[in-house]
Structure formats: structure tokens, C-alpha cells
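Here is my notebook for this one. I went through it contact by contact and jotted down what I looked up.

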Amino acid sequence: AVVSTQSTGDEPEYSSTVEFTRPSDNPNTELHLYQLCYYADRSSPVSLVVSNVRLFITREYHQWPLPRLQPPLPPHLRGQHFQVLHEVEISDLAMLLVTDYTLTLSTESRCHELLFETKAPLAGLVSLLASLWEGIFGFPLKVC
């Protein structure tokens, strides 16, 4: 994912937009899901953004953009709206492990454990990921 940034001189970089595609991607890339959840240890809330080719685990700063009635912040206090923590290709998924309200996304190199508030969004995400994966490979993704 590419985070578009602006910077002049000594100012820290900041972002007002996030671009979830790359120039080499298919121009028909679609966003299928935006979901809030937590890391399994509840250390921090994260946002999931799922396209037809990738899943992004992001940290989102919900106070951006700032309310219109507030004066503009100085550049050193501005931050990114989204910070991409992890990017997972749908085709790299090896297995999904579902236990109660927790989902473990397994690839060959890494596991991501995510915790959901209810089972409905968890089931929806599992169904979407399995469907996208099956569309790529022609057989079902292993869901345990």
C-alpha cells in the first residue's frame, strides 16, 4: 500500500489519504470490506481493509480530518489517517483458524491473530476471504 505524504523541509510527513493499490495492480481492484477489530491481545484496535487481491491491517487515527471549527494544527502535530501495519496478499493465505471471537490468518511466513466484538463480522470476513481465495485457486481455503 502506498501512503501519500506531504512534507516541506523540516516538517514531519503526514497524510490525508491512503492509496490501497499499486500501479501494477489490475485497474479493476475493488474494496470489499472495511472492518474494525483488535489484535488478539487487545493491545490496540486495528482496521481491516480487504480488496479483491489484498488484506491490509491498519492503525487508524479516528480524529482525522479535524473538525472544521478547530484551528489548523501546526505541521509537527499532524499525523497519518491510516498507518499500514501489515499487508497480506489473498493468494498468500495458507489457512484461517477460527476460535470463538478470534481469527488467525496464517501465511507461510507469518500469523496474524485478530479479535472481533461479535461473531457476525468474523463470519463475514472468513466467508469473504474464503470466497476470494477460492476465486483465485479454484478450490476451497482451509478454514478450521
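Which ring does the charged end of Lys 119 sit over? I found that ring to be Tyr 101, with the charged end of Lys 119 placed 5.5 Å from its centre. My criterion for a charge over a ring was NZ of Lys or CZ of Arg within 6 Å of the ring centre and within 35 degrees of the ring normal. Arg 42 turned up as well: its charged end sits over the ring of Tyr 38, 4.7 Å from the centre.

A note on ground rules: this is a predicted model, so I kept local features to pLDDT of at least 70 and side-chain atom pairs to pLDDT 80 or more, while totals for chains, interfaces and linings use all residues. Residues are numbered from 1 along each chain as its sequence is written, and side-chain values use heavy atoms, with hydrogens and water left out.

**Entry: Arg 54**

I looked up Arg 54 in strand 5 (residues 54-60); strands are DSSP runs of E, at least two residues, and helices are runs of H or I, at least four, numbered from the N terminus. Arg 54 counts as buried because its relative accessibility is 5% (buried is under 20% relative accessible area, exposed over 50%, partly exposed in between, with a 1.4 Å probe and protein chains only). Its side chain makes polar contacts with the side chains of Glu 87 at 2.7 Å and Glu 89 at 2.8 Å. Such a contact is a pair of N or O atoms within 3.5 Å, one able to donate a hydrogen and the other to accept it; neighbours in sequence count only if both atoms are side-chain atoms.

**Entry: the core**

Next I checked the largest nonpolar core, which has 23 residues, with Leu 55 and Leu 129 making the most contacts inside it. The core definition I used is buried Ala, Val, Leu, Ile, Met, Phe, Trp, Tyr and Cys residues joined through side-chain atoms within 4.5 Å. Helix 1 gives the largest share of this core, seven residues.

**Entry: aromatic rings**

I searched the whole structure and got three aromatic pairs (ring centres within 6.5 Å, using the six-membered ring of Trp; planes under 30 degrees apart are stacked, over 60 edge-to-face, the rest tilted). Trp 133 and Phe 137 have centres 4.6 Å apart and planes at 45 degrees, so I logged the pair as tilted. Trp 133 is buried at 8%, whereas Phe 137 is partly exposed at 36%. Together with Phe 139, these two form one aromatic cluster.
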